[in-house]
Amino acid sequence: MRAGAVFPGKRKVEIVSLDEPEITSPHEVKLRMLEVGVCGTDREICSFRHGTPPEGYEFLVLGHESVGEVVETGSGVSRVRPGDLAVPMVRHSCPDPGCVACRSGRQDFCYSGNFRERGIKQLHGFMTGFVVDDEHYIHPVPGELREVAVLVEPLTIAEKALIQINAIQRRLPWGSTSNPTDHRNRAVVLGAGPVGLLGAMALVNAGFETYVYSREEEQNPRSDVANAIGAKYVSSHATTIRQLASLAGNIDVVYEAAGASQTSFELLEALGTDGVFVLTGVPRHGEPISIDADRLAHNLVLKNQVILGTVNAGPDAFEAAIRDLGVFYRRWPDALRALITRRYPIERFCEPIFERSGIKNIIVLDGKSGC
Ligand code: BGC
């Protein structure tokens, strides 16, 4: 079978040929891959800044956002059956017996750093014909979500953030529904890429008055999605962060999905009382920036603020993402579909990686592409 792969040593990106994997233990599941999404991490890997092949290989098969169809299961598998649609998880546990996170099935909080990630770090990804994995890394998805299920993995980032925001805000004893002062929870999403827009959907759905702040002009396909779901798109060309803060009022949550440190720290100054600032983007290491640290520390203390970094996602976030994607699909079918700009056959997998355009581009692996 063919696969889209990167050779970090040779600095090239091309189609390779691989043997079809087989089930070798009772708890394994074989998936026929249907679609793989391309994201910023894939671009980083294909610019050779990131990404490690599995041991014994010169290349790494790409792809970590995906959906497949179960074609075969080991004798002990109970989570899925052949014919089911399923999304495999990205991160695999580390082998360290002392890593309490991985030993608890929460490799997204791995302490040792020896986790492996499909299509990113020491494990081949999903941009190929078939994949075999242990059932506890496989999440079944309702068949009616087929056309958008490839968005589950990028949505898990927001879901993991929301789970943590809810845990943190349990410190506020009045909760969000029985608030005696009728305080509306307000969120600002920084960045209008797929992670930002899916995050905005999750926040609107969770009842937040949501602003999406990004550098694109007011009228563009990204702002159309934001406005269609009932968020308010605010362009950084027309509105400064200070103006955004006075427009929004007390900002309870900032969901950063741009990987731009300068803007993030400017926005941190606008975080409201009792607010949580969530960073999900990984900035490229550049020149040091200057920040008003005294002022930020002052606000953090005097306004009970929390800064939270979050990466990857656990089983709870996958389940929440699958559930919420169904909700978004019923509530905003056109906006959700509009996140997917174009579908490419595997022969052309380099195009969406190198010629960045649209919102989310997908590689189709449904057999028509010859995989
Ligand atoms: C993926 C995560 C992964 C992270 C770091 C992201 O693009 O969505 O699952 O943990 O990259 O490698």
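Gln122 is partly exposed, at a relative accessible area of 32% (buried is under 20%, exposed over 50%, and partly exposed falls in between, using a 1.4 Å probe and protein chains only). The residue belongs to strand 9, residues 122-123; helices (H or I, at least four residues) and strands (E, at least two) are DSSP runs numbered from the N terminus. Most residues other than glycine have a negative phi.

A word on the model itself: it is predicted, so local features need pLDDT of at least 70 and side-chain atom pairs count only at pLDDT 80 or more, while totals for chains, interfaces and linings use all residues. Residues are numbered from 1 along each chain as its sequence is written, and side-chain values use heavy atoms, with hydrogens and water left out.

Asn312 also has a positive phi, about 60°, although it is not a glycine. This one is buried, with 9% relative accessible area, and sits in the loop between strand 17 (306-309) and helix 9 (315-331).

Asn312 turns up again around the ligand, together with Cys39, Thr41, His64, Val90, Arg91, Glu117, Ile120, Glu153, Ile157 and Val311 (a residue is near a molecule if one of its heavy atoms lies within 4 Å of it). By type, the shell splits into five nonpolar, three polar and three charged residues; here Ala, Val, Leu, Ile, Met, Phe, Trp, Tyr, Cys and Pro count as nonpolar, Asp, Glu, Lys and Arg as charged, and the others, Gly among them, as polar. Polar side-chain atoms of Thr41 and Glu117 each lie 2.5 Å from an oxygen atom of the ligand. For His64, a side-chain N or O atom is 3.3 Å from a ligand oxygen. The protein covers 83% of the 310 Å² of accessible area that the ligand has on its own (Shrake-Rupley method, 1.4 Å probe; for residues, only the protein chains shown count as cover).

Definitions and conventions:
A polar contact is a pair of N or O atoms within 3.5 Å; within protein, one must be able to donate a hydrogen and the other to accept it, and residues adjacent in sequence count only if both atoms are side-chain atoms.
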